[in-house]
Structure formats: structure tokens, C-alpha cells
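This briefing is meant for a reader meeting the structure for the first time. Please look over the sequence and the model before going on to the points below.

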Amino acid sequence: MTTLRSALDFYSTIQADDGHWPGDYGGPMFLLPGLNRDGGWGLHIEGPSTMFGTVLNYVSLKLLGECAEGGERAIEKAHKWILEHDSFQKFVNK
């Protein structure tokens, strides 16, 4: 019981007012990195845009019903980034 109470005391002191436990973690995409200035997403918060990250977020936003004019125009920017970096289309159109 002493160990359990110590753990509860510790975690209750570091818990934020809104109920979450804040932490600095810039790991893989599951922590939602922001849209990069170039219109794409990387695999982590400070990472460069990648096709995987951009397509995954683009499809997710579409499935959630985001429209082109919504938010920071992320759908529109991501669509443009994907088309500009589509190496298959560049290969086919040679």
C-alpha cells in the first residue's frame, strides 16, 4: 500500500489541470506532427516532409471530413505537395 500511495502521490503532482500528463516527446507520427511549411508532413515533429507522412495525414483528414478550405488549408497544401513530389508521375511522363 505504501508503494501504491507513493505512486499515486507522484503522478497526481505532475498531472496537468485538464487531466493529462504533459511530456516533451517528438516521436513518430502518432503524436501528430504539424503541417510543414512546404505543405507536407514528416514522421516526427522536426522531420522533413515525406510521401508516407503526407499521404497518411492527407487520407486521414479526408476520412475525417476535412474540406479544402478548412483550418490552415492543410488538404489543399498536402495535395499540392503530393503532386509535386510524385516520382512515379515524373517517370511516366518522360
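Of the contacts in the protein with a separation of 6 or more, what percentage do residues 24 or more positions apart account for? In this model, which is predicted, such residues account for 30% of those contacts.

**Overall build**
- The protein contains 4 helices and 0 strands, and its pattern, when followed along the sequence, reads α-α-α-α.

**Burial and surface**
- Of the 94 residues in the protein, 22% are buried.
- The protein exposes about 7,400 Å², and carbon and sulfur atoms supply 61% of that area.

**Salt bridges**
- Another joins the side chains of K80 and E84, with a distance of 3.2 Å from N to O.
- K80 and E84 both belong to helix 3, which covers residues 74–84, and because they lie 4 residues apart there, about one helical turn separates them.
- K80 counts as exposed because its relative accessible area of 52% falls over the 50% cut-off, whereas E84, with a relative accessible area of 39%, is partly exposed.

Definitions and conventions:
Residues are numbered from 1 along each chain as its sequence is written. This is a predicted model: local features need pLDDT of at least 70, side-chain atom pairs count only at pLDDT 80 or more; totals for chains, interfaces and linings use all residues. Side-chain values use heavy atoms; hydrogens and water are left out. A salt bridge is a side-chain nitrogen of Lys or Arg within 4 Å of a carboxyl oxygen of Asp or Glu. Helices (H or I, at least four residues) and strands (E, at least two) are DSSP runs, numbered from the N terminus. Buried means under 20% relative accessible area, exposed over 50%, partly exposed in between (1.4 Å probe, protein chains only). Contact means heavy atoms within 4.5 Å. Accessible areas come from the Shrake-Rupley method with a 1.4 Å probe; for residues, only the protein chains shown count as cover.
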